[in-house]
Every structure is written in C-alpha cells, then in structure tokens.
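Take a look at the model first, then work through each task before reading its solution.

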Amino acid sequence: VHPVPLRVRPVIKADRDCASVSAASVIAKVARDGYMAEIHETHPAYQWNRNKGYASAEHRDAIRDIGLSPFHRSSWAIADVPTLF
C-alpha cells in the first residue's frame, strides 16, 4: 500500500496568523536554544550560550580564528569567513 501524498501549502508569516504554527515556532525556538547551550559546553569559543546560533561578531571571529565546527551548517555562507564548499 502506498501512502497518500501530503498536500503542502506554504503560508507566509503563518506564525503570525495561525495559533498552532505560532506555538510550534515557540517550542522549536526553546528546544533549539537549549541545544545551543548544550553544544556550547564542548565548543565554548563560538559562544552559542549567548548568541544561540546567530552570527554575532564574536561568533564570526571564532570561525575565522579556529574554523567551523561539526555543528555549523555547511549550507550557510557568512561573509568573510571560511565555508565548507
């Protein structure tokens, strides 16, 4: 038996207009912030406990100084820092 394909409809700013999407967004952010605090313990130079993964000036400096960690997204390019491609 083949599963029924999902019908997906992208909704711009859905977290503003839909309570369930808004709640999911908050839950995801809290979970991500907790994860960033966890990986800060093993990679403190990136200051993930403070910047939660956003490219602060200090975070970019750490990338320039020590390179990318295994936790960095290789698909993101931050201006003037090394990338994985």
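Buried means under 20% relative accessible area, exposed means over 50%, and partly exposed lies in between, with a 1.4 Å probe and protein chains only. The model is predicted, so local features need pLDDT of at least 70 and side-chain atom pairs count only at pLDDT 80 or more, while totals for chains, interfaces and linings use all residues. Residues are numbered from 1 along each chain as its sequence is written, and side-chain values use heavy atoms, leaving out hydrogens and water.

**Exercise 1.** Work out how many helices and strands the chain has.

*Solution.* Start with the assignment rule: helices (H or I, at least four residues) and strands (E, at least two) are DSSP runs, numbered from the N terminus. By this rule the chain has four helices and zero strands. Reading along the sequence then gives the pattern α-α-α-α. To finish the overview, buried residues account for 19% of the 85 residues.

**Exercise 2.** Decide whether His72 is buried or exposed, and find its partners.

*Solution.* First, locate His72: it sits in the segment after α4 (57-66). Next, apply the cut-off: His72 counts as buried because its relative accessibility is 13%. Then look for polar contacts (pairs of N or O atoms within 3.5 Å; within protein, one must be able to donate a hydrogen and the other to accept it, and residues adjacent in sequence count only if both atoms are side-chain atoms). The side chain of His72 makes one with the side chain of His59, at 3.1 Å. It also reaches the backbone nitrogen of Ser69 at 2.8 Å. Last, list contacts, meaning heavy atoms within 4.5 Å: not counting residues up to four places away in sequence, His72 touches Tyr46, Trp48, His59 and Ile63.

**Exercise 3.** Identify which residues form the largest nonpolar core.

*Solution.* A nonpolar core is a set of buried Ala, Val, Leu, Ile, Met, Phe, Trp, Tyr and Cys residues joined through side-chain atoms within 4.5 Å. The largest one here has six residues: Met36, Ile39, Tyr46, Trp48, Ala62 and Ile63. Sorting by element, α2 (19-40) and α4 each give two or more residues to this core.
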